[in-house]
6 protein chains.
Amino acid sequence: MKLLIVNPNISHSVTDLIEAEARRAASPGTELTMRTAPFGVAYIETRAEAAVGAFATLNELAEHHEGHDAAIVAAFGDPGLAAAREMLPIPVVGLTEAALMSAAMLGGRFSIVAISRRIRAWYQETVEMHGLAGRLASIRCLEESLRDIGTVQTDKGEQLQALCEAAVNEDGADVIIIAGAPLAGLARSIADRIPVPVVDGVSSAVRHAESLAALAPRGALAGSYAPPPVKEWSGLSPALGALIGRKS
Amino acid sequence: MKLLIVNPNISHSVTDLIEAEARRAASPGTELTMRTAPFGVAYIETRAEAAVGAFATLNELAEHHEGHDAAIVAAFGDPGLAAAREMLPIPVVGLTEAALMSAAMLGGRFSIVAISRRIRAWYQETVEMHGLAGRLASIRCLEESLRDIGTVQTDKGEQLQALCEAAVNEDGADVIIIAGAPLAGLARSIADRIPVPVVDGVSSAVRHAESLAALAPRGALAGSYAPPPVKEWSGLSPALGALIGRKS
Amino acid sequence: MKLLIVNPNISHSVTDLIEAEARRAASPGTELTMRTAPFGVAYIETRAEAAVGAFATLNELAEHHEGHDAAIVAAFGDPGLAAAREMLPIPVVGLTEAALMSAAMLGGRFSIVAISRRIRAWYQETVEMHGLAGRLASIRCLEESLRDIGTVQTDKGEQLQALCEAAVNEDGADVIIIAGAPLAGLARSIADRIPVPVVDGVSSAVRHAESLAALAPRGALAGSYAPPPVKEWSGLSPALGALIGRKS
Amino acid sequence: MKLLIVNPNISHSVTDLIEAEARRAASPGTELTMRTAPFGVAYIETRAEAAVGAFATLNELAEHHEGHDAAIVAAFGDPGLAAAREMLPIPVVGLTEAALMSAAMLGGRFSIVAISRRIRAWYQETVEMHGLAGRLASIRCLEESLRDIGTVQTDKGEQLQALCEAAVNEDGADVIIIAGAPLAGLARSIADRIPVPVVDGVSSAVRHAESLAALAPRGALAGSYAPPPVKEWSGLSPALGALIGRKS
Amino acid sequence: MKLLIVNPNISHSVTDLIEAEARRAASPGTELTMRTAPFGVAYIETRAEAAVGAFATLNELAEHHEGHDAAIVAAFGDPGLAAAREMLPIPVVGLTEAALMSAAMLGGRFSIVAISRRIRAWYQETVEMHGLAGRLASIRCLEESLRDIGTVQTDKGEQLQALCEAAVNEDGADVIIIAGAPLAGLARSIADRIPVPVVDGVSSAVRHAESLAALAPRGALAGSYAPPPVKEWSGLSPALGALIGRKS
Amino acid sequence: MKLLIVNPNISHSVTDLIEAEARRAASPGTELTMRTAPFGVAYIETRAEAAVGAFATLNELAEHHEGHDAAIVAAFGDPGLAAAREMLPIPVVGLTEAALMSAAMLGGRFSIVAISRRIRAWYQETVEMHGLAGRLASIRCLEESLRDIGTVQTDKGEQLQALCEAAVNEDGADVIIIAGAPLAGLARSIADRIPVPVVDGVSSAVRHAESLAALAPRGALAGSYAPPPVKEWSGLSPALGALIGRKS
């Protein structure tokens, strides 16, 4: 089993966090290829940043997916996920989606704990896009600004734990989703201190990508996730162009 | 990894179909314990039959869950699933739920193909209960009555394939879910003839149960899926009573 | 007019409360048959307890419905209601359902006041199942544990009244539903102190059951509430088996 | 028990149909006061006609409600219902609302059978306003124009029965609502030929109005159904003005 | 371009506020005809008052629409809007609707700031009627009673600004709608002090009415907004009767 | 008034169609700047193509927005719209959004008529994203493949008209939206033959962009549409980078 994991933002330190958690979660024998977006922003919090990250992610996936059994869009918010799923011949999973699916199988309603106030609207819209807003108890977030995206887990550990507890006690969450690639691994380290199951996007995505690759090896030939209709294009990388259409 | 799989109806031939597909889907090293409801009906199609199956399933799970890493409620419609999840200290997955989660990660909208007209309302309500009705394209079903629940796959193979095609072409399905334990394995055999990914409840449940056991080994201590408050009970099996409350 | 009222839990003191309120609410000439579940728990707060109560209720209804014009599932949360409606040839009403219908005809949005925190998720899901979540303003509950289910009305009267007032003033409730059989009759006694109409499940169920019996004397022969398809069964009581299928 | 029944349109022949069915449905001892709108249209099919009917109905209710225990807005579509409920000190029920409540307690999903194509949008919006669109299977209607609103039952009896059957067989209805005051009584006469329970607005409204009067004798003093804030008015009938505000 | 603007309540001082803001917002060359309801209440806060205002508005529109390119129902809550749209051959816009459309194009979620607590339920229902409740962040309102509807802007300016800020900071509003004709013009005067776009019903309605008149000059001849079917009527003004039906 | 109109695909012939319709719709004195995406595909039908178009559009908007009062994303499906709205200091409108707002003010439910089957899923998701799916009657589309995107109006005129009629007669549409930039202007030419108002995205967007520029000249400083938080970026155009963050 070979998985391609693309970090849609440009932070190699975040890619390292993702990789570490992905290796802890992967089944024996699963190999990981890590890619970091070559352009974009340090951390995606907004719809505009997500649009940039989506395009960078599609390019990376187009360029590197061959030889892999499944791929992962490794930013919470799933930038470019539906586009990638439509375009690639292998299963593609996003961090938000994967976490939502795990959470949905562990309880009734779930809360998302996130690292900034600004990021909430984007997460809310992502949950709605996946059709699961009816099961979202709340999105809670750190209110103060971050010093360093790479050390948020140690700088803000206590506040993050308090947010989890408030989600359970005040919002009625049965499950907590720790959101955002910079928090990859945090779920694992604080799970013992939270009284409900804690779910993480990276580990969920790795496991679900493995499952989809095992369960459904063929891509769609019909419906809205079939390969795009052949059409003229210009100004794209050869790999992306080859997936999206033919050059006139 | 040890999984407990309970068939909520009394048909041992259906348990055999479930077991065969579960073994094909399971990861290497996963061990399966199969149980068949000791009372109830031959095949669950209605809310009343599901209520009976739910009680039988809770009894089996209470009696046999010890020593397992996760459990599966192996009837489409998930009788007793939420109750079992609340009661047991290990993850529990249902066939409908598992198939919905797989389908949601493979496309936008999905259709369910089922073996009888009567069963549709129950399936519809199950999808609504899981909060995913917004992604359901349609439920299509065989209209004629079945001769034998054990041979439906061979008797009705062509009609089932036609239902899949109609769901894609007329209802806008991106993914097909083949529903009902008596059809376990059918997805695998007809996948090549259907132009979209085909998902099966049994294999999805096995893979997702494995994933949940790996990802979230602890049960809830708070929230609405925590163990039930201790209270008086009577007339239950010792195992079920021990999980639900204390004897006065 | 003869009504069969089944208390899905094993507490005879609760059955007595239900009976007292039912007699106050019933039209002249209506006769009541009271039944208490012979197995199960003292008070239903969880999905697992509701699954047990549903099975017990179906057995009681199967055994005793003959000669009655309508039946009532007398626990808030309506355990087994849809199953009973499908199975019996007479109208069946649940306490939650009946209270929701009364409340919907008295105002715009309603709140439910309940006796424990744990019970909220189950009530929320019940309202969703009835398709009326869009009109639910809130569910408020007692936070401290109860000493005695039979004396909750006197022990907690002031707190329950405060919850009603908060629902009106803070949550925008136009109507209050006092939930849970142990509170049967409370609505009647505090109605004068609450500034909006107060609705009770037991009295609503008695009146609506009478109305349905008068309005729609025949059961469904088609659709998803027709009698279940005949099928093999085993291990059920003769009465339940006779309603659900035929013995092989 | 005294009920005030207002027909929001000007057709005395329709008032007679309503009265006949209301008398068949009423409990022993219930007295009925019938009123017909003194201005408006012969039969309400559109939003504009409903707005006219609402105003006429409010005037009739203001003028005549004293001495009654409950009131009924006797046009399907419930023109002015929420306004009347807010304004009057007694319970008020509408035909659509009453039929929806009966239907919701008799099955899962219901269809409405109506007498003209144009009326469908208004009925759809009425069901949405009551928050029960999620349980509506379909609205089916006569397609040809009516010769005479007073004889639609005899002129179109077979077509109406065919619409009921199509709703059950094709749309998945568990219950049929026969809509529109001109069809009052039709449900009663064709019930034996329809394989699911058939519900009628007039008889449901009579029974539910009786129940509300028995269950909840006080009106709201707070919330959005409390009496309107006192304010200046002009140009209204003394009775309506007295209920809505004070003359400056 | 000629616009007919009808104030559904009897307050000429409010009509003056509406006119002043409408003139500020109108494109060069747009002419305005102002009408005030000849009967009804001083300010509409409730469903009953809205039903009265709807009838008064329909009469004014019927009497005066000829020679205009579009019309505006100038009370927040849009009394009679759908009825007017159905009845008139020219486009008709309501204040709530117009403000919602502006807000929806300026951000994701919006809050409504209103002048009394009682008015909230009616506004909530209006947003739901327009199908945009999913984008409503909150409705915030002044809690104390008003001394004078004509001077609310100066009496309550600071409190209104505080409500706007709370909507942004606590409810997640991206846009603020200042609701209610008595606040016409307030949006313009406080916009600089609110950190998100502020939208006003009157100015939005004027601009959108101009746009609809320019874009879609013909009325519906089919569908549920076609002219009402011809039918008997009585007791209406000749103008209203001529639009609604023919005199028998 | 100066509007910047960006065509998110690379077809200059489509840009010409958009410009011609935009000029017909614009108010006197409005100036238009037209831009065509420098890279991407000939016509956007899929999520992947939309992701590419979104990025190209953001680049064009960043590069050219200065000196304009509002901007238009000129592809139905609104690629990059929310991102652009968040990023730019001026109002931004999309074709789908603009058409939905016009349609919502002209009737109750609307249908979209589109040029290919494949494009339906993307349009459906766009309507859902705007929160107006509850008012969508249907999306109807041409089934056969197109010979030439530039001549679809003449090649397929009759079929498109038939789709409009079917939407009105069979789906209950009160308004028709002619979707897709290649059909710009078609609404204008066939409006006389369709019995309900016909709405076009380009003309609606031009008028609504003018209105927003007139009504709400300031951008958000708070909420989820405030300018993105400053952060590191790399590999973006200077104009896009300047809007999204600061270079490290």
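**Exercise 1. Determine how strand 1 of chain E is paired and whether it is buried or exposed.**

Step 1. In this predicted model, strand 1 of chain E runs parallel to strand 2 (residues 31-36) of chain E, and 6 bridges join the two. Strands are DSSP runs (E, at least two residues) and helices are DSSP runs (H or I, at least four), numbered from the N terminus; two strands pair if DSSP finds at least two bridges between them.

Step 2. Within this pairing, K2(E) lies opposite E31(E) of strand 2.

Step 3. Strand 1 of chain E (residues 2-7) is largely enclosed by the rest of the structure, because 5 of its 6 residues are buried (under 20% relative accessible area, 1.4 Å probe, protein chains only).

**Exercise 2. Characterise the interface of chain E and chain F.**

Step 1. Chain E contributes 43 residues to the contact and chain F 42 residues (heavy atoms within 4.5 Å).

Step 2. About 3,400 Å² is buried between chain E and chain F, with 63% given by carbon and sulfur atoms; this is the accessible area (1.4 Å probe) that two parts lose on being put together, summed over both.

Step 3. On the side of chain E that touches chain F, strand 5 (92-94), helix 4 (95-104) and helix 9 (201-215) of chain E each give two or more residues. Helix 9 of chain E gives the most, with 9 residues.

**Conventions.** Residues are numbered from 1 along each chain as its sequence is written, and chains are lettered from A and ligands numbered from 1 in the order in which they are written. Local features need pLDDT of at least 70, side-chain atom pairs count only at pLDDT 80 or more, and totals for chains, interfaces and linings use all residues, while side-chain values use heavy atoms, leaving out hydrogens and water.

Notes. Buried means under 20% relative accessible area, exposed over 50%, partly exposed in between (1.4 Å probe, protein chains only).
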